[in-house]
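Let's take a walk through a protein model together. Keep the sequence and the picture side by side, and look up each residue as we reach it.

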Amino acid sequence: MTVAVRYYTKTGNTRRLAEAIAKAVNAEALPISVPVDERADILFLGNSYYAFTIDPEVRDFVRSLDKDKVGRIVNFGSAAMLNSTYRKVKAEADKAGIPMDEREFHCKGEFKGIHKGRPNEEDLKAAAAFARKIME
Ligand SMILES: Cc1cc2nc3c(=O)[nH]c(=O)nc-3n(C[C@H](O)[C@H](O)[C@H](O)COP(=O)(O)O)c2cc1C
């Protein structure tokens, strides 16, 4: 099974999750500015909420994915208040014709003094375990 990891981050939280996931599945964590050129049966995609929605860069990245190259998207993130960007990402994935895995990883992420230190070591371990499970 081929795998790719991409993330969008503003304050580093999603990058840390992406690096834990990438290490667990023997891939490289890359920002979404790097296009998915090689076939990826699974694309782990890290993203978060900013002012109640996903960043336009994430939206454009998902829309631009090639359905012949990406088998399915596995969503992960660390929004601080809201739980999951799943539906927002899925709306774009649907446009690109790429299925979303129903499973996703979410933990709280530090934002303006709340959820201090998160994702923490436990979160990173849980993200890695989640990724390994997806690859089974
Ligand atoms: C400008 C900005 C706006 C945010 N807006 C929201 C929001 O509307 N809802 C929410 O749950 N979290 C919000 N957050 C919190 C982030 O989603 C959370 O801190 C996340 O872990 C950030 O990931 P990053 O460090 O990879 O950018 C916001 C963070 C920033 C920096």
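Where does His115 lie? You'll find His115 in the loop between E5 and H4. Those labels come from DSSP runs: helices (H or I, at least four residues) and strands (E, at least two) are numbered from the N terminus. Before we go on, note that this is a predicted model: local features need pLDDT of at least 70, side-chain atom pairs count only at pLDDT 80 or more, and totals for chains, interfaces and linings use all residues. Residues are numbered from 1 along each chain as its sequence is written.

His115 isn't a glycine, yet its phi is positive, at about 55°. His115 counts as partly exposed because it has 19 C-beta neighbours inside 10 Å. Here's how the scale works: with C-beta atoms placed from the backbone, a residue is buried if 20 or more other C-beta atoms lie within 10 Å of its own, exposed if 12 or fewer, and partly exposed in between. Lys112 also sits in the loop between E5 and H4. Lys112 has a positive phi too, near 50°, and is a residue other than glycine. With 7 other C-beta atoms within 10 Å, Lys112 is exposed. Pro119 has its place in the loop between E5 and helix H4 (121-134) as well.

As a bit of background, strands of a sheet pair through backbone hydrogen bonds, either parallel or antiparallel. Here you have an open sheet of five strands, in the order E2-E1-E3-E4-E5, with parallel pairing. The edge strands are E2 (29-31) and E5 (105-106), and each of them pairs on one side only. To count as paired, two strands need at least two bridges between them, as found by DSSP.

Let's follow the pairings across. E1 and E3 run parallel and are joined by five bridges. One spot to look at is Tyr7, which stands opposite Gly46 in E3. Gly46 in turn stands opposite Phe76 in E4, and the bridge partner of Phe76 in E5 is Phe105. E4 (residues 70-77) and E5 run parallel and are joined by two bridges, and Gly77 stands opposite His106 in E5. Helix H1 (residues 13-24) packs on the sheet, touching E1 (3-7), E2, E3 (40-46) and E4. The direction of H1 makes about 170° with that of E1; axes are lines fitted to C-alpha atoms, for helices over the stretch in contact, and angles run from 0 to 180 degrees between N-to-C directions.

What about E3 and E4? They pair in the parallel sense over six bridges, and Leu43 stands opposite Ile73 in E4. To get from E3 to E4, the chain crosses through helix H2 (residues 56-63), and this β-α-β crossover is right-handed. That term means that, with the strands pointing away from the viewer, the path from the first strand over the helix to the second runs clockwise. Six of the seven residues of E3 are buried, so E3 is largely enclosed by the rest of the structure. E4 is largely enclosed too, because six of its eight residues are buried.

Zoom in on Leu45, which is found in E3. Leu45 counts as buried because it has 29 C-beta neighbours inside 10 Å. Leaving out residues up to four places away in sequence, Leu45 touches Arg6, Ile73, Val74, Asn75 and Val89. Being in contact means that two C-beta atoms, placed from the backbone, lie within 7 Å.

For a contrast, hop over to Arg63 in helix H2. Arg63 is partly exposed, with 13 other C-beta atoms within 10 Å. Arg63 touches Glu92, Lys95 and Ala96, not counting residues up to four places away in sequence. Arg63 and Glu92 are 29 residues apart along the chain, while their C-alpha atoms are separated by 5.5 Å.

Finally, find the ligand. Which residues come nearest to it? Of the 19 residues around the ligand, these are Thr9, Thr11, Asn13, Thr14 and Gly109. A residue is near a molecule if its C-beta atom, placed from the backbone, lies within 6 Å of it. By class, this shell has nine nonpolar, eight polar and two charged residues. Ala, Val, Leu, Ile, Met, Phe, Trp, Tyr, Cys and Pro count as nonpolar, Asp, Glu, Lys and Arg as charged, and the others, Gly among them, as polar.
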